[in-house]
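I opened this structure to take some notes.

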Amino acid sequence: MKQKISLITTGGTIASKETKDGMLASGALSGEELASFCQLPEEIDVKIVNLLQIPSMFMDFTTMVQLKQAIEEELKDPTVTGIVVTHGTDSLEETAYFLDITLADERPIIVTGSQRSLQQAGTDVSSNLRNSILAAAKRSLQNIGVAVVFNERIYSAKYVKKVHASNLQGFATFGYGYLGIIDNDTVSVYQKPVHRDYFEIKEAIPRVDIIKCYTGADGTFIEAAVAQGAQGIVLEGAGRGQVTPSMVEAIQKALNQGVMVVITTSTEEGQVYPAYDYEGSAYDLQQRGVILGADYDSKKARIKLAVALSSGIKLKDKELF
């Protein structure tokens, strides 16, 4: 009996065509066109769902929710073994993590894309798509959460990050490694996450902004975010989670107005921790009511904070991260 995979396409480089000027029209190919160029596994039935045909950076919370609902619709069919989503690489890590914390089904959900189009030399379209379908059909990937398959490796959505603008080895997970590999159509899983977060979206997902800290930074962008109606702010601090003293006043004002503020670190490994006692340190910020963002990068922290707020979480809930 064949296994059944639903392939949901959203656009991106993996579905791009070259224009007459030699540029790429991102998302120009339909799912059927994409599949016709790829060596899909014959032993697996693949149902194609054309959802979106957009560039990666056209993604936002509205389209992410649309994708989530499309996945849930496919999962209503108990005969579906798993889901594969094709996606542009520039925002792939954000969408994958959004799906990871808003979908509760135990079946494998794989997100993939490509660094090169079908027309380019050395394209990774066919290999990434084929490997993703094989991975989605494996029982060993059940209860793993949403995973990203890229360049024969399987990554956890929580930590995966685009690390190269153009190289075929475009994604990595600093400090944690990958969950498994696909080698000559053989899927091997070596580790699984021990904990999964899940939030039920109950309200409209609110505005949450990311503000990067750098030497000499002040509160200008924090004040602007609050003025634009941000319900949450993620600070990308330095080291253990430090910001400049010139930012502290604006941070305190935001907290006083009920804005949820999370501090993360710009480093690739390690986590924020209250190690120092001075104005703008992680300890100082924590005492004021800022939430320590553990080892999350700013993009993933933004996704989590926005989704958590939409689920009805309150400012008093400090164990978000």
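I am working from a predicted model, where local features need pLDDT of at least 70, side-chain atom pairs count only at pLDDT 80 or more, and totals for chains, interfaces and linings use all residues. Numbering runs from 1 along each chain as its sequence is written, and side-chain values use heavy atoms, without hydrogens and water.

**His87.** I found His87 in the loop between strand E5 (80-86) and helix H3 (92-102). Helices (H or I, at least four residues) and strands (E, at least two) are DSSP runs, numbered from the N terminus. Is His87 buried or exposed? His87 counts as buried because its relative accessibility is 1%; the cut-off for buried is under 20% relative accessible area (1.4 Å probe, protein chains only). I then looked up its side chain, which makes a polar contact with the side chain of Thr95 at 2.9 Å. A polar contact here is a pair of N or O atoms within 3.5 Å, one able to donate a hydrogen and the other to accept it; residues adjacent in sequence count only if both atoms are side-chain atoms.

**Strand E7.** I moved on to residues 146-150, and five of the five are buried. Val146, Val148 and Phe150 cover one side, Ala147 and Val149 the other.

Which strands pair with E7? Strand E6 (residues 109-112) pairs with E7 in the parallel sense over three bridges. E8 (residues 153-156) pairs with E7 in the antiparallel sense over four bridges. Pairing needs at least two DSSP bridges. I noted Val111 opposite Val148, and Ala147 opposite Ser156 in E8.

Methods
Buried < 20%, exposed > 50% of the residue type's maximum accessible area, 1.4 Å probe, protein only.
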